[in-house]
Amino acid sequence: VDNTQAGDETYIKVKGKNAYVFFFISVIKRCISAYHVDGSRDTLPATIAMTEAIRTADSSEPNTLVTDGNPSYQAGIHFLNSSRSQNNTIFLKKVIGLQNLDSESEEFRPFKQIIERLNRTYKYHVRAANGFSSYNGALVLTALFVTHYNFIRPHSSLGYQVPVPLWQLENIPTLQGKWAKIIKMATELDMAA
């Protein structure tokens, strides 16, 4: 994934209570690089999502994460950087509020807008569920959303290509056929493990 990624959390309802989905998206390739469902907006779930986001980024290049002012991200960055070398530091850029009141917010607001659009798209797709009766339901629908977003849905910003092209899906013309192939590939991976 790209070495600059935008992250944010959005709320959902699980068993009638607020839960949160943390997303990170690469700003150039537009693929969702991390997601995590949790019952809080605390440091641990933010750190889990950030760890997953930087997992496949190029470690020889500086990694930059763009988030809002939630202090959980700042604490998570401190934790992650405490075990990294000085040459491999993760940088956090914060976009605060709705107006550009500082140079950092002004420079990185376009990245924050990408993650906000992703959150709106996610909320649109989960709204029909009207909340979840279990965390498993929230995890499953979120995983299906990420699969659709990364591997099936063409994006206008990418010239109507998918963020993560799979050669196995190239000659399948229907959406149903693509889903069937992805499910088959996942079950084959599960059986191999």
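These notebook entries record what I looked up in the structure, one topic at a time.

**Ground rules**

I am working with a predicted model, in which local features need pLDDT of at least 70 and side-chain atom pairs count only at pLDDT 80 or more, while totals for chains, interfaces and linings use all residues. Residues are numbered from 1 along each chain as its sequence is written, and side-chain values use heavy atoms, with hydrogens and water left out.

**Salt bridges**

I looked up the salt bridges (a side-chain nitrogen of Lys or Arg within 4 Å of a carboxyl oxygen of Asp or Glu) and found 6 in the structure. I began with Lys112 and Asp8, whose closest N and O atoms are 3.1 Å apart. Lys112 lies in helix H3 (residues 103–126) and Asp8 in strand E1 (residues 4–14), so this pair ties together parts that are 104 residues apart in sequence. Here I take helices (H or I, at least four residues) and strands (E, at least two) as DSSP runs, numbered from the N terminus.

I then checked burial, where buried means under 20% relative accessible area, exposed over 50%, and partly exposed in between (1.4 Å probe, protein chains only). Lys112 is buried at 7%, and Asp8 is buried at 4%. I also noted that Asp8, Asp68, Lys112 and Glu116 are linked in a network of salt bridges.

Next I took Arg41 and Glu9, whose side chains meet in a salt bridge with 2.6 Å from N to O. This pair links distant parts of the chain, with Arg41 in the loop between strand E3 (32–38) and helix H1 (43–55) and Glu9 in strand E1, 32 residues apart. Arg41 is partly exposed at 37% relative accessibility, whereas Glu9 is buried at 8%.

Within helix H1 I found Arg55 and Glu52, 3 residues apart, about one turn of the helix, and their closest N and O atoms are 2.9 Å apart in a salt bridge. Arg55 is exposed at 56%, and Glu52 is partly exposed at 31%.

**Nonpolar cores**

I turned to the nonpolar cores (sets of buried Ala, Val, Leu, Ile, Met, Phe, Trp, Tyr and Cys residues joined through side-chain atoms within 4.5 Å). The largest has 23 residues, and those with the most contacts inside it include Ile12, Phe23, Ile25 and Leu118. E1, strand E2 (17–26), E3, H3 and helix H4 (135–152) each supply at least two residues of this core, and H3 gives the most, with 6 residues. A second, separate core of 15 residues includes Phe22, Phe24, Ala53 and Ile77.

**Helices H1 and H2**

I looked at how H1 meets helix H2 (residues 71–82): their axes come within 8 Å and cross at roughly 60°. The axes are lines fitted to C-alpha atoms, for helices over the stretch in contact, and angles run from 0 to 180 degrees between N-to-C directions. H1 and H2 are therefore oblique to each other, since angles under 35 degrees count as roughly parallel, over 145 as roughly antiparallel, 65 to 115 as roughly perpendicular and the rest as oblique.

**Positive phi**

Tyr160, in the loop between H4 and helix H5 (175–192), has a positive phi near 60°, and Tyr160 is exposed at 61% relative accessibility.
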